[in-house]
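I opened my notebook to look through this structure piece by piece.

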Amino acid sequence: MKDLSEIIASHPFFSGLDSNYVDLITGCARNVKFSAGDVIAREGQPSTEFYVLRHGRVAVEINAPARAPLVLRTASEGEVVGWSWIFPPHRWQFDISAVTLVRALAFDGKCLRAKCDADPKLGYDMMRRFAQVAASQLQATRLQLLDLYGGRG
Amino acid sequence: MKNPEASIPATHPSPYFVRFDIEGLKRLIETLKQEGYEVLGPTVRDGAIVIEPIESVSQLPCGVGDEQSGGRYRLTQRSDRSRFGYAVGPTSWKRFLFPPNRLLWRATQHERGFSVETPPVDSQRRAFVGVRGCDLAAIRIQDRVFCGGANPDPDYVSRRKQTFIVAVECGSPVQTCFCTSMGTGPAIGDGFDIRLTEIPDGENPYYLGLAGSEYGAQLLSQIDAIQVNESEFAERNAILASAAAQITRHLDPDHARAVILENPEHSRWDEVASRCLTCGNCTQVCPTCFCSTVDDVTDLTTGVAERSRRWDSCFTMEHSHVHGGAVRRSPRSRYRQWLSHKLGSWWEQFGTAGCSGCGRCIVWCPVGIDLTEEVAYLATKRDAPPEDAP
Amino acid sequence: MGAEGNVLVSVPPKEHMAPLPVRVLKSHRELADTWTLELDSGPLGAKFAPGQFNMLYVFGVGEIPVSISGDPLNTSRWIHTIRSVGLASAALCATKSGEMVGVRGPYGTCWPMEAAEGNDLLFVCGGLGLAPLRPAILTALRLRERYGRIAVLVGAREPTALLFEKELHVWRGRFDVQVEVTVDSAGRGWFGEVGWVTRLIDHVRFDTDFTYAMVCGPEIMMRLAARDLVERGVAAENVFLSLERNMKCAIALCGHCQYGTTLLCRDGAVLPYSRVASWLGIREL
């Protein structure tokens, strides 16, 4: 079995990360597994972790009364879920649940924040990766909101 | 016509190059009518020279000239009695080859569905008398559109085959003309059955007639005429040289093509859009504009549905309508479409420019927008006037 | 006097604007607002290339261009999938089997099935855009050995707006084609992806040096998908889009379908991205 640092180094989210930093952040990571239907995070709960997906699919959901939860987006292998750990108040904005069997790396937010604070170069690298994820998700969300497929005749 | 491939020498001296006077012209028109042609020619109506069916040479304008400039058209009195002493008017020959309205087909409902019939194509013989170089070029541009593709328009083809062309070289250009730039005038090289050059000569104009087809030669031979001599030929050349020298407007078609296609976001489009009324006059007077739309009329009591075709203009919103609305909503985009098509994309679509240099769009634009000026501005850097700006 | 081109042909050209009345053999509802019509193609047969379209006429209502969504091998029927959005499309959707509609065509360019042989194929479809791509997908699957990897990426508004869902399942059941579906929004019962369609491009493997992509959907979606594909290394000449503009005649005579320097009915509707990339960014072109 590969050790954690190898898994981190080969994950697309950490592509190109300096190997010293890979070793440094490995201390904040652990392997996790969820079954289909498991609740991974609940809106409003403290967000102590984020997940780097290695296998399977999770849904970012929002709950509403008298109807099934709405799926805002899904994330799959190669992607990352959760950024509430970065900023106070460190609470999940949405529910996260496993759509399929999910294997992931869970990163301890507090641990990683401390390492980022101690080494701003690592901090900048991490923030850039998360900013890119945030930007592409925002762009995708805007396009989904356009309801484009209603238009083609 | 009868044998369009017949090669007739266009250079002097030639047995098919003859001189005759107004009586000869009269005889030519009479002969055409006897041959079953509807004769169309210039005549004065409502203060303009328009193309209409004419019965005799007496309906041709006599001693009439014109003044044209951006947004302005006036008839004037000439000091001679020439019959072709003016430039092109608001109408072109387009309407006789590509009529403004035409029934395409008629569908009749019956118990188990419907059937479709097409009306016969127009087969009337028509003689166009007085086709200028620019308009002859325009006809050839439309030939490419309507006959040159995989699906030629049957009505146009039929009308075109039945058309006899009496071209007239231009001795009286106006200041909106730029045929010299487009290589379409004032002299005419080919594409006619008979080519006339009018020599005004005071009270008694005379004509030099050159046959361009065997049938044209046959008709010319029925006129009381003598062969053109060297001095008359020199006189014709002098008239055309003088006409060419009077033309000051300029447009380089190759340059215009590049400039327009390379500058779709130039600030000049905004400037011209601030003046353009999107009235579509330019497209209606243009001898090459070919856009058409269709109208459906259904009579539910008889169960008959008809579809007809009518001239359209890219200046309407409906022209670019797709599900959801019009694509070209702003006047800027519609003017850009018109000019870009005319001088730019036409080349890629039909292998020629869509402009013959007749200048009608300048004259009949209510605000006098001048495409040659617009091209000059588009060729400059944004917001800078061209060096030779008028 | 002789005109240019074909004017001198001895046989007078036929009136291409007249539709051929044909019988509707079957009408099948695909989605809440979308129907598939099967039309008797008559003695001439339905001979077309994937990506081409017909003009369909409903008596007394009007005529619209509609892409052909059937299998090119089935020449006995014209198959069209139509969304009810305007007068004519609503009337087409409302026709019942046994009734008649008018057909003329097929017109336009086609998906580059032959040029793409030996390459990986990516089909990127948004909404009803799967309909014009269906003949291409069916052709590729039939001639499976001629292509490398094949992926069909589908974006839809919601799970209930997924066109040809049964067929997508059939394709997904094969071992030699990857089918990925995403929707803009979904409830809990949806176990597929929720997100923007081009995100699916990251889910499939393809050799960027040897990939042909065929993209069909709303113009915004095609533009962004083509840009994403080119950013990932696919040659712009190998990315094909199917564009849409107003169309009246479909035979390059009426001037309505101009897009850039092209007449879409003749030079399109399928065009390589390399030809249209600069125009896609120009507003109101």
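These entries record what I looked up, one topic at a time.

**Entry 1: what kind of model**

I noted at the start that this is a predicted model.

**Entry 2: the four-stranded sheet in chain A**

I began with a sheet in chain A. In what order do its strands stand? I read the order as S1-S8-S3-S6. This open sheet has four strands, and its pairing is antiparallel. Then I checked the edges. S1 and strand S6 (80-81) of chain A each have a single partner strand, so one side of each has no neighbour in the sheet.

Next I followed S1(A) to its partner. It pairs with strand S8 (residues 102-108) of chain A over six bridges, in the antiparallel sense. I picked out one pair here: Phe34(A) has Val102(A) in S8(A) as its bridge partner.

**Entry 3: a hairpin in chain A**

I moved on to strand S4 (residues 57-64) of chain A. How many bridges join S4 to strand S5 (residues 67-76) of chain A? I found seven, and the two strands run antiparallel. I looked up two pairs along them. Ala59(A) has Thr74(A) in S5(A) as its bridge partner. Ile62(A) stands opposite Leu70(A) in S5(A).

Then I went to the turn. S4(A) and S5(A) form a hairpin, with two residues between them. Ala66(A) sits in that turn and has a positive phi of about 60°.

S4(A) also pairs with strand S7 (residues 95-98) of chain A. Four bridges join S4(A) and S7(A), and they run antiparallel. In this pairing, Val58(A) stands opposite Ala98(A).

**Entry 4: the seven-stranded sheet in chain C**

I turned to chain C. An open sheet there has seven strands in the order S10-S9-S8-S7-S11-S12-S15, and the pairing is mixed. Which strands are at the edges? They are strand S10 (193-194) and strand S15 (270-272) of chain C, and each pairs on one side only.

Strand S9 (residues 178-183) of chain C and S10(C) pair in the parallel sense, over two bridges. Thr182(C) stands opposite Glu193(C) in S10(C).

**Entry 5: the disulfide**

I searched for disulfides over all chains and found one in the whole structure. Cys28(A) and Cys111(A) form it, with S to S at 2.0 Å. Why does the pair tie together parts that are 83 residues apart in sequence? Cys28(A) lies in the loop between helix H2 (19-26) and strand S1 (29-34) of chain A, and Cys111(A) lies in helix H3 (residues 109-118) of chain A, so the link spans that stretch. I also looked up the handedness. The torsion about the S-S bond of Cys28(A) and Cys111(A) is about -70°, so the disulfide is left-handed.

**Entry 6: charges**

Then I looked for charge on the surface. Which residues gather in a patch of negative charge? I listed Asp21(B), Glu23(B), Glu30(B) and Asp224(B). Of these, I placed Glu23(B) in helix H1 (residues 22-34) of chain B.

I ended with the backbone. A cis peptide bond joins Pro88(A) and Pro89(A), with omega about 5°. Pro89(A) is in the loop between S6 and S7 of chain A. His90(A) is in the loop between S6 and S7 of chain A too. Its phi is near 55°, a positive value in a residue other than glycine.

I repeated the check in chain B. The peptide bond from Gly185(B) to Pro186(B) is cis, with omega near 0°. Pro186(B) is in the loop between helix H5 (179-182) and strand S10 (194-199) of chain B. Asp201(B) has a positive phi near 45°. I found Asp201(B) in the loop between S10 and strand S11 (206-211) of chain B.

Note on methods
Residues numbered from 1 in each chain as written. Chains lettered and ligands numbered in written order. Predicted model: local features only at pLDDT ≥ 70, side-chain atom pairs only at ≥ 80, totals over all residues. Heavy atoms only, no water. Patch = residues over 30% accessible without salt bridge, like charges linked within 9 Å, V, L, I, M, F, W, Y side chains within 5 Å. Areas by Shrake-Rupley, 256 points an atom, 1.4 Å probe, with all protein chains shown as cover. Salt bridge = Lys/Arg side-chain N within 4 Å of Asp/Glu carboxyl O. Lys, Arg positive; Asp, Glu negative; His and termini not counted. Charge placed at Lys NZ, Arg CZ, Asp CG, Glu CD. Pairing = 2+ DSSP bridges. Disulfide = S-S within 2.5 Å.
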